[in-house]
Each structure stands twice: as C-alpha cells, then as structure tokens.
Amino acid sequence: MPVPSIVRVTIADDPPSRLDKALARDVPEQAALSRSRLARLIAEGAVTRDGAPLTDAKAKVAAGEVIEIAVPEAGESHIAPEEIALDIVYEDDDLIVINKPAGMVVHPAPGSPSGTLVNALLAHCGDTLSGVGGEKRPGVVHRIDKDTSGLLVVAKSDAAHHGLAAQFERHSVDRHYRAVVFGLPDMGDPRLKGVKGASFEPGNVLKITTQLARHKTDRQRQAVVWSNGRHAVTRARVVEAYGTPPAVALVDCWLETGRTHQIRVHMAHAGHALVGDPVYGGRRKLGEKAVGAAAAEAVRAFPRQALHAATLGFVHPITGEAMRFEAPLPDDMAGLIAALRGAAGGTL
C-alpha cells in the first residue's frame, strides 16, 4: 500500500480562527493543496497535531504549532478514458489548451456519462496526469456550454490546477467570445437606456451588470436577478453589422466574471439574444427584407447558439509566462457570417 507523503505546516503569526483557513494561508505553495482539498483531508482524518487527528475544520490553532498533513498518492479516476480526437492548441507537462467543438460536453454528468472532453483527456494524457484533488484526472477550472465552441485550458497537475483556479477566482483571465446576435447593440439605441443594468463605456462598449441565479421554475436555466444572486459583468462591442438597417451583428464579448450561461443570458436581457439559442433566444424571427432570403434562412437554420470562445489569455501557473491563444471561428459560424455578408453586406 503506497505511503502517503507528509506535508508539515508551521502556523504563522496571527492565524485565522479556524484550522482550515489557517492551513489554506500557511500551507507551502509547492504542496498545491487547495482549500477544498484541505477540507476533505481534514474530514478524512489526514490532518494531525502532535499525532492526534484534527477532524474539525473549525478547530482553533495557535502560532508556532506544527500541523502534519498526510497526502495520499493520487488514485485512478473513476471516469473511463475514451479515444476521442482532440484539437490541441498547446500542451506541456502542467496544462493543455483545447479548441472544443460544439456538441461536446466538458465533464461527465447524469445526462452525458461518456463522450466528454474529460473522457478524451484521460485517454490522451494517460500517465502524464498527476493528482488533481487526490485523483489522476484533468483539472477542469472553467467550462463552456456543450453547444459553444472554442478554447479551454485544463490542468494536468495539482499545482497547475491550484494556480489556474486562483486566476479565474481573481477574474484575471482574459476571455473573449465571438457571438452573432439579433439587432445592433449601439449606444444610439434609446431602448437600451431603459434596460436595467445596461450602460455604455467609451468606444461604444455595452456593459451589462446584473446578478444571475437559477431560474425559479426551470433549474436548467439561469435568470437575471437583483438580489440573492451572483454578481456578473459582461461587455460587448460590435465587430460587424448586417442589414439595412442593421438587423444582425457579430459582437466581441468579454467576461469580467464567468457565470453559467452568462453571455447568453446577458445579451438576451439586453434585447440582443444570440442567433440559434434554443434556451434564451425566444422565438425571434429575422425577416427576409432585413438581410435577404438566403441570409434569413441561414439564421433560421443555425442549429446552436452562435457563440465561440475565440481568445484565452492567462499566466502560466508554473513558469509565470504570459500566454495567449486564439481559435478561428468554426466552419458553421464562418458560414453563417459569410451568408450574412454576401446577402446584406457587412458594416463596421
């Protein structure tokens, strides 16, 4: 039976009042133990003081005490590896950047137990994975919806997982999406002045600030709320507009926060739902007079939300190098935009 490694933590001056918070502050960075991992180890009896287990996360600690953490060897994942082709943008010993196709779920769930990105990564990475949360599996630090395409960074080691998660928590990761939306998000539109949470910044940048929470009656949806939700901020800038007057637009959206379905919910709240969005798009139609018959049909037939995670920038959690990646539009969105340009012309 593998012998667990021992991490010794000396509690520094003025410790927090709780064991879990004190350990999160003082554990050596190279141990790469997240707060959630520490909480599990405490509950499992793997944390001791003078040989006695500390199983209460709220236990008091004092400066100068030495706490030992028995970190077990990473076990095998319960998720089955599957040989699924991946579009790998970058990979090293600590992380991997993937250009995810639309239609692929990121993590197994009751409705999608296989065929996910995690299944594919387990097969691709094999023995190069070290323990993430005590298990040999890829560390998913952010997700994009099944029917959204684009860039994802996934940790291959616990240290990378810890470092990337901290950047997402600080909202320091640079994420830009391309979306095709109904209408034209423009500061000259008087209607937007009456939308609660919507404002404009220099450069005709639409800023949407709300709270988001699960929908009261449909737990699969998110909804804009003004209390008891999670703070969410999205910015959007028009890249091209189509139609005379403009009826559809390609927009660049970027996230200050990263909540479930955030761009889709926020753009719909502003009255500019994403083309093809089956959940938040409503029954909005695009008339042939607006962009022509062929382009209107391309919009009607688009099979998913027209959203692509195009740019991803972060600091490498191990080397400290600034990294930035771009993924071109997938064929379906490129085809949609070509139809709109060809039929209605594109204007900046």
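This is a predicted model: local features need pLDDT of at least 70, side-chain atom pairs count only at pLDDT 80 or more; totals for chains, interfaces and linings use all residues.
Residues are numbered from 1 along each chain as its sequence is written, and side-chain values use heavy atoms, leaving out hydrogens and water.

**Salt bridges**
- D145 pairs with R264, with the closest N and O atoms 2.9 Å apart. D145 sits in the loop between β10 (139–140) and β11 (149–155) and R264 in helix α5 (residues 262–269), so the pair ties together parts 119 residues apart in sequence.
- R264 is buried at 5% relative accessibility (buried is under 20% relative accessible area, exposed over 50%, partly exposed in between; 1.4 Å probe, protein chains only).
- K207 and E201 also form a salt bridge, at 3.9 Å between the closest N and O atoms. Shared partners join E201, K207, R235 and E256 into one network.

**Helix α2**
- In α2 (residues 35–43), the buried residues are R37, L38, L41 and I42. They fall within an arc of 140° seen down the axis, so they line one face of the helix; the arc is taken from the directions from the helix axis to the C-beta atoms.
- Helices (H or I, at least four residues) and strands (E, at least two) are DSSP runs, numbered from the N terminus.

**Hairpin**
- β6 and β7 form a hairpin with three residues between them, and Y90 stands opposite V97 in β7. Strands pair if DSSP finds at least two bridges between them.

Methods:
A salt bridge is a side-chain nitrogen of Lys or Arg within 4 Å of a carboxyl oxygen of Asp or Glu.
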